[in-house]
Amino acid sequence: MKRVIILVLIFTMLVFSGCTETPPEENSVIRVGGLTGPTSMGMVKLMKDSESGETVNNYEFTLAGSADEITPKLIQGELDIAAVPANLASVLYNNTEGQIKLLAVNTLGVIYIVERGDSIHSVSDLKGKTIYGSGKGSTPEYSLRHILEGNGLDPDRDVNIEWKSEHSEVLQMMINNEDSIGLLPQPFVTVAQGQLEDLGIALDLTEEWERLEEGSMLITGCLAVRKQFADEHPDMIKTFLDEYSESVRYVNENHKDAAQLIEGYDIVKAAVAEKAIPKCNIVCISGEDMIVPMKEYLKVLHDANPKSVGGTLPKEDFYIK
């Protein structure tokens, strides 16, 4: 009888011991990648909190200078989530037959029309002007053309767009020409203003896009996730979105402190970041709220060049709802 009681006690201890073990989810790590630009600025508080052990999830962060360094790691399973250009998420979805999905929109438009004078107050004022820009064959060109066309201007006849290979070349053209107009992204606009005191923002392309009232948004960046990881760890994904959203809120409400973190992670200098944050349109839009804006945005790109979204528009399973 004593033996039976002992066995029962041992079994009971094992059962309760098993109940108090740390669940596998708590030991799992979310490997997050990002680029050294606006699309990663919103996650710096999350990065700091993770280092301090103040997050629910466990994280490992990797920052890189170009998408070419991030995307192979995401495809090969070395990263679970990555902040990438919005159209690239669609390209990856198509190229991997649906193994990469959209988790959230994290950056709206960061492109601006800038000038040294004071002649541009509306899109129609660009008629007959020369615009220096970088990003030919990519989203800056397609976005500009869409906005021009939406305001009744023919991009090939009503304006003269001179494309340069780098932002610095556009800035040099503007330094040499007092009446010049440029197409530049943040935070480079803020950098340029440090070299040209009379350089001002004439038009915010994000606002101009929304004025077209097509139900879409000008979107720069998003969070892409591996389908397998999202399927296997739905609770971790939900917690990640909560913690990421809180990081975005902090960055948008605490420019000075957030700028210090941004410099600390070698994204951009604090002095530039503090001024640029309000103009970088950092957000966290997920679930049903992101679907229509992203669909409409990708459709604009697809109409301009199908290759820009990977050949075809993503199906419904692209969106993690």
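The model is predicted, so local features need pLDDT of at least 70 and side-chain atom pairs count only at pLDDT 80 or more, while totals for chains, interfaces and linings use all residues. Residues are numbered from 1 along each chain as its sequence is written, and side-chain values use heavy atoms, with hydrogens and water left out. Helices (H or I, at least four residues) and strands (E, at least two) are DSSP runs, numbered from the N terminus.

- Six strands make an open sheet with mixed pairing, in the order 2-1-3-10-4-11; two strands pair if DSSP finds at least two bridges between them.
- Strand 2 (58-64) and strand 11 (282-286) are at the edges with a single partner strand each, so one side of each has no neighbour in the sheet.
- From one strand to the next, the twist averages 25°; axes are lines fitted to C-alpha atoms, for helices over the stretch in contact, and angles run from 0 to 180 degrees between N-to-C directions.
- Strand 1 (residues 29-35) and strand 2 run parallel and are joined by seven bridges.
- Opposite Val29 stands Asn58 in strand 2.
- Helix 6 packs on this sheet and touches strand 3 (81-85), strand 4 (100-108) and strand 10, with its direction at about 115° to that of strand 3; contact means heavy atoms within 4.5 Å.
- Helix 12 (residues 234-253) also packs on the sheet, where it touches strand 1, strand 2, strand 3, strand 4, strand 10 and strand 11; its direction makes about 155° with that of strand 11.

- Four bridges pair strand 5 (residues 111-115) with strand 9 in the antiparallel sense, and Ile113 has Leu203 in strand 9 as its bridge partner.

- Helix 4 (residues 44-51) has Val44, Leu46, Met47, Asp49 and Ser50 buried; buried means under 20% relative accessible area, exposed over 50%, and partly exposed in between (1.4 Å probe, protein chains only).
- These buried residues of helix 4 pack against helix 3, strand 2, helix 12 and helix 13 (255-264).
- After helix 4 comes Gly53, which has a positive phi near 70°.
- Thr39 is in helix 3 and is buried, with a relative accessible area of 8%.
- Leaving out residues up to four places away in sequence, Thr39 touches Ala83, Asn106, Thr107, Thr220, Gly221 and Tyr244.

**The largest pocket**

- A pocket is an open set of points on a 1 Å grid over the protein atoms alone, where a 1.4 Å probe fits, with protein on both sides within 12 Å along at least five of seven lines; lining residues have an atom within 4 Å of a point.
- The lining of the largest pocket has 40 residues, and Pro85, Pro140, His167, Pro185 and Thr220 lie nearest its centre.
- Elements giving two or more residues to this lining include helix 5 (67-75), strand 8 (181-185) and strand 10 (219-226).
- Helix 7 gives the most to the lining, with four residues.
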